[in-house]
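Here is a short briefing on side-chain contacts. Look over the sequence and the model, then read the points by topic.

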Amino acid sequence: MHTTESSENYLETILILSKSRPVVRSVDIAEELGFKKSSVSVAMKNLRERGHITVTKEGFIYLTTAGRKIAEMIYERHEQFTRWRVYMV
C-alpha cells in the first residue's frame, strides 16, 4: 500500500473536514488547502482509482476503509509530533 505524501495529505484533509462537516466536497478541500479546484479534482480522481475514496453523483467525498486507515495513521503521526513539540518547548 504505497501512497505519496500528496495523497496522504489529501486523505488526512478529508478525514479532518469530515469531523466537522456533514459532507466533504472538492471545493471544501481546495479551500482548506489553498489549492485550485482543478488540482483537487485530479487528485480526487487518482484517490478514487486507488480505492481510497468514493465520490457520489452529488460530488460528496467519503473515505473507503483503506483510505480511512491511511488518513488516521497520518493524522495520528501528526498529532504525536505536535504533542512531542509542545512537550519539548
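**Side-chain contacts in a predicted model**

Arg 21 is partly exposed, at 29% relative accessibility. This model is predicted. Arg 21 pairs with Asp 28 in a salt bridge, 3.1 Å from N to O. Five salt bridges are present in the structure.

**The Arg 21 network**
- Salt bridges link Arg 21, Arg 25 and Asp 28 in a network.
- Asp 28 is buried, at 6% relative accessibility.
- Asp 28 counts as buried because its value of 6% falls under the 20% cut-off.

**Other salt bridges**
- Lys 45 bridges to Glu 49, with the closest N and O atoms 3.0 Å apart.
- Both Lys 45 and Glu 49 sit in helix α3, four residues apart, or about one turn of the helix.
- Lys 45 is partly exposed at 41% relative accessibility, and Glu 49 is exposed at 55%.
- Lys 57 bridges to Glu 58, where the closest N and O atoms are 4.0 Å apart.
- Lys 57 is exposed, with a relative accessible area of 82%.
- Glu 58 is partly exposed, at 48% relative accessibility.

**Aromatic rings**
- There is one aromatic pair.
- Tyr 10 and Phe 35 make this edge-to-face pair, at 6.0 Å centre to centre and 65° between the planes.
- The pair connects distant parts of the chain, 25 residues apart: Tyr 10 is in helix α1 (residues 5-20), and Phe 35 is in the loop between α2 (26-33) and α3 (37-49).
- Tyr 10 is buried, with a relative accessible area of 7%, whereas Phe 35 is partly exposed, with 42%.
- Lys 19 lies over the face of Tyr 75, 5.2 Å from the ring centre.

How values were computed:
Residues are numbered from 1 along each chain as its sequence is written. This is a predicted model: local features need pLDDT of at least 70, side-chain atom pairs count only at pLDDT 80 or more; totals for chains, interfaces and linings use all residues. Side-chain values use heavy atoms; hydrogens and water are left out. Rings of Phe, Tyr and Trp (its six-membered ring) pair if their centres lie within 6.5 Å; planes under 30 degrees apart count as stacked, over 60 as edge-to-face and the rest as tilted. Helices (H or I, at least four residues) and strands (E, at least two) are DSSP runs, numbered from the N terminus. Buried means under 20% relative accessible area, exposed over 50%, partly exposed in between (1.4 Å probe, protein chains only). A charge sits over a ring if NZ of Lys or CZ of Arg is within 6 Å of the ring centre and within 35 degrees of the ring normal. A salt bridge is a side-chain nitrogen of Lys or Arg within 4 Å of a carboxyl oxygen of Asp or Glu.
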